[in-house]
Amino acid sequence: MSGAAVARPETVLERGRPTSLEELRRRADWIRLETIRLIDRAGLGHYSSTFSCAEILSVLYYRVLRLAPGCPQWPDRDRFLLGKGHVAVGLWPVLADLGYFPRGWLEGYGRLGSPLTDHPNMRAVPGVDFSSGSLGHNLSVGVGMALAGRLQGRAYRTVVLTGDGELQEGQVWEAAMAASHHRLGNLVAVVDANGFSGSGPTSEAMNIEPLLVRLEAFGWRALEVDGHDVGALAEAFDHLPPADSEVPTCIVARTRKGKGVTMTEAEPQRWHLGCMTPEQRDAAVAEIEARWR
Amino acid sequence: MSVGPAPEMENVFSEQDARRARQRAVGEELLRLVEERGDVVVLSADMGAVMSDLRQRHPERYIELGIAETNTVSVAAGMAACGLIPYVVSMGPFGIIKCAEQLRSDVAYPRLPVRFVARLSGLAMGFFGTTHHAVEDIAIARSITNLTVVAPCDERSTQALIRSTVEHPGPVFYRISEGADEVYPDPPEIPPGSFVTVREGRDATVIATGLGVGAAVGAARLLEAEGIEVRVLDAAYLKPLDEAAIVRAGSETGAILTVEEHNVIGGLGTAVAEVLARHRVPARLAIHGLPDADLEVAAPAALLEHYGLTSTGVAARVRRLLAA
């Protein structure tokens with residue numbers, strides 16, 4: 001069963017692009033700055049969960065994923081699913097920068113009529129491979145996309161970013177079972193393991209550790225990296241098994257909730273959802289920008 | 001305490017029973033679609049026995065996901081987002097009530113062409129306990145935006161409705177009645193969103209869905225002998241709803257009885273009442289279904305008899321409605 005032949009787009013961003021580590025680090029901080037700016041305009045948003053995965057988004061979008069921003073429905077593109085949909089505010093500037101939609105859209109983020117909502121809507125925004133918002137669904141959706149790729153003979157990868165609190169959802173483990181049962185080596189889960197969920201430390205609410213052991217017991221290849229070390233992330237993604245291999249991979253990215261700004265690192269729960277005062281905003285921006293002078 | 005006789009029932013996990021069952025239409029039609037089209041896949045949450053022919057002939061197009069209904073729905077959504085048309089075959093009692101959020105968020109909200117085929121709806125598994133009754137599903141399904149809700153009333157309408165909706169760009173929920181009386185000698189043509197006038201009449205209208213249609217036709221025959229002419233409408237589509245047919249029935253016959261194997265709250269009767277009220281149609285309405293109470297547990301035929309979802313039960317309700 002093969003999918004319909006679709007011409008390769010003129011411009012394809014291939015896997016393993018030689019973006020420098022310095023540039024990937026700079027991009028991650030730029031995602032933080034844009035997040036602060038967009039939340040400031042909208043009046044509310046998720047800072048610290050976005051900050052914890054800024055390096056992951058940077059490495060995926062500026063190095064790892066095979067993308068065709070001019071042809072967002074190109075069937076052979078790699079898929080990216082933002083399981084932790086509440087950090088869409090960090091994805092919007094990336095998609096705009098890559099040319100999926102006009103940068104001007106960013107200015108309407110969170111406003112009535114804007115396609116850019118707090119959680120991503122695949123029907124509203126080019127470049128969003130699937131909607132999210134209800135935690136625990138997207139790994140299952142990723143299993144479906146990986147199965148479809150197999151049936152259609154396409155070599156794309158499907159990458160699903162989940163939070164660590166999200167792993168408390170039972171459906172995630174149904175999906176984990178299905179992925180190894182159906183031998184989906186074309187499926188990659190990335191856990192932004194920042195150690196916190198909405199109301200406190202993840203494993204105080206419900207222990208999810210030892211994560212690597214649990215994933216391996218479910219038939220996955222599991223590895224652990226420092227989720228703020230762009231070099232380590234790039235290395236882990238560069239060495240993914242080929243898409244026609246038979247064991248799904250989970251990269252557990254150990255991260256810090258609120259990473260990159262002293263105030264949000266100190267009180268990650270307070271900045272899970274909120275809006276900085278102008279003074280706090282300016283101080284946070286100054287702290288990030290000082291790293292790049 | 002009187003105990004009824006042990007009736008014949010389908011063993012849903014037996015391939016022999018599945019082949020022998022009166023309701024084979026789902027498996028046969030899905031097999032035909034898989035053989036005709038390259039984009040149809042069938043997903044099962046441990047419903048393999050129903051699909052044994054498909055599983056043997058096209059194993060790559062049959063995807064088993066085990067007893068994990070919610071995961072199955074989201075997996076189907078992912079496949080649909082990649083250009084496939086997935087049919088999820090599930091047991092009614094563990095269908096929409098268990099997967100409502102996945103259906104809403106992953107399937108209906110993004111308007112993906114997933115087909116959710118709920119076999120064994122209503123009281124079809126009534127023998128196994130109240131956990132196995134599926135009598136809330138119309139209420140849930142109708143309130144999910146973008147979801148088309150279809151309820152075949154016999155084998156041929158099952159085939160016809162599955163076939164005629166294959167190209168529908170959004171999601172479809174099929175509520176499959178089991179062991180229903182034959183209504184259509186040939187597969188009917190049912191335009192999207194339309195009721196079918198199964199029988200004309202001017203004294204009253206029975207609007208029925210699923211196996212209620214067969215009971216309504218039987219009731220109309222009984223009442224004909226008494227000089228009462230009953231119009232019978234097959235509510236094959238529960239959403240979109242054929243509002244024009246409801247208004248006509250109310251205006252032309254003055255009395256409507258709805259019949260469904262579903263809780264009287266939130267089902268076909270509720271939908272018809274909303275339409276009559278909105279259009280200010282001054283017709284009498286009675287809703288015949290399952291009471292909003294703890295239901296009895298027994299073989300389906302015994303339950304249908306008990307709750308009056310039979311020709312004689314429907315005929316009695318029509319007489320009461322006309323006498324009111």
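Select A:Asp29, A:Arg32, A:Leu33, A:Ile36 and A:Asp40 in α1(A), then A:Arg281, A:Ala284, A:Val285 and A:Ile288 in α11(A): these two groups meet. Contact here is counted between residues whose C-beta atoms, placed from the backbone, lie within 7 Å. By class, this meeting of α1(A) with α11(A) has 5 nonpolar, no polar and 4 charged residues. Ala, Val, Leu, Ile, Met, Phe, Trp, Tyr, Cys and Pro count as nonpolar, Asp, Glu, Lys and Arg as charged, and the others, Gly among them, as polar.

The model is predicted: local features need pLDDT of at least 70 and side-chain atom pairs pLDDT 80 or more, while totals for chains, interfaces and linings use all residues. Residues are numbered from 1 along each chain as its sequence is written, and chains are lettered from A and ligands numbered from 1 in the order in which they are written.

**Chain A: the helix pair**

Now show the whole of α1 (residues 21-42) and α11 (residues 278-290) of chain A, which pack at an angle of about 165 degrees with their axes 10 Å apart. Helices (H or I, at least four residues) and strands (E, at least two) are DSSP runs, numbered from the N terminus. Axes are lines fitted to C-alpha atoms, for helices over the stretch in contact, and angles run from 0 to 180 degrees between N-to-C directions. α1(A) and α11(A) are therefore roughly antiparallel to each other. Angles under 35 degrees count as roughly parallel, over 145 as roughly antiparallel, 65 to 115 as roughly perpendicular and the rest as oblique. The crossing of α1(A) past α11(A) is left-handed; this term applies if the near helix is turned anticlockwise from the far one by less than a right angle, and right-handed if clockwise.

**Chain A: the sheet**

Colour the strands of the open sheet next: 5 of them, in the order β1-β2-β3-β7-β6 (chain A), with parallel pairing. Two strands pair if DSSP finds at least two bridges between them. At the edges stand β1 (79-82) and β6 (221-226) of chain A, each with a single partner strand, so one side of each has no neighbour in the sheet. On average, neighbouring strands of this sheet are turned by 20 degrees against each other, direction ignored.

Inside the sheet, select β2 (residues 158-163) and β3 (residues 187-193) of chain A, a parallel pair with 6 bridges.

**Chain A: two loops**

Go to the loop between α6 (170-181) and β3 of chain A, where A:Arg183 lies. A:Arg183 is not a glycine, yet has a positive phi of about 55 degrees. Then move to the loop between α7 (202-205) and α8 (211-217) of chain A, which holds A:Pro210. The peptide bond joining A:Glu209 and A:Pro210 is cis, with omega about 0 degrees. Most residues other than glycine have a negative phi, and most peptide bonds are trans.

**Across to chain B**

Show both chains: 25 residues of chain B are in contact with 24 residues of chain A. On the chain B side, α4 (69-80) and α5 (96-108) each supply at least two residues. α4(B) gives the most, with 8 residues.

**Chain B: the sheet and its helices**

Here 7 strands form an open sheet of mixed pairing, in the order β2-β1-β3-β4-β6-β5-β10 (chain B). Its edge strands are β2 (62-64) and β10 (237-239) of chain B, each with a single partner strand, so one side of each is left without a neighbour in the sheet.

Pick out β1 (residues 40-44) and β3 (residues 85-91) of chain B, which run parallel and are joined by 5 bridges. B:Ser44 stands opposite B:Val89 in β3(B). α4(B) packs on the sheet, touching β1 and β3 of chain B, and its direction makes about 170 degrees with that of β3(B).

**Chain B: last stops**

Select α8 (residues 212-224) and α12 (residues 311-323) of chain B, packed at an angle of about 60 degrees with axes 7 Å apart. That makes α8(B) oblique to α12(B). Their crossing is right-handed.

Finish in the loop between β10 and α9 (243-253) of chain B, at B:Pro240. A cis peptide bond joins B:Lys239 to B:Pro240, with omega about -5 degrees.
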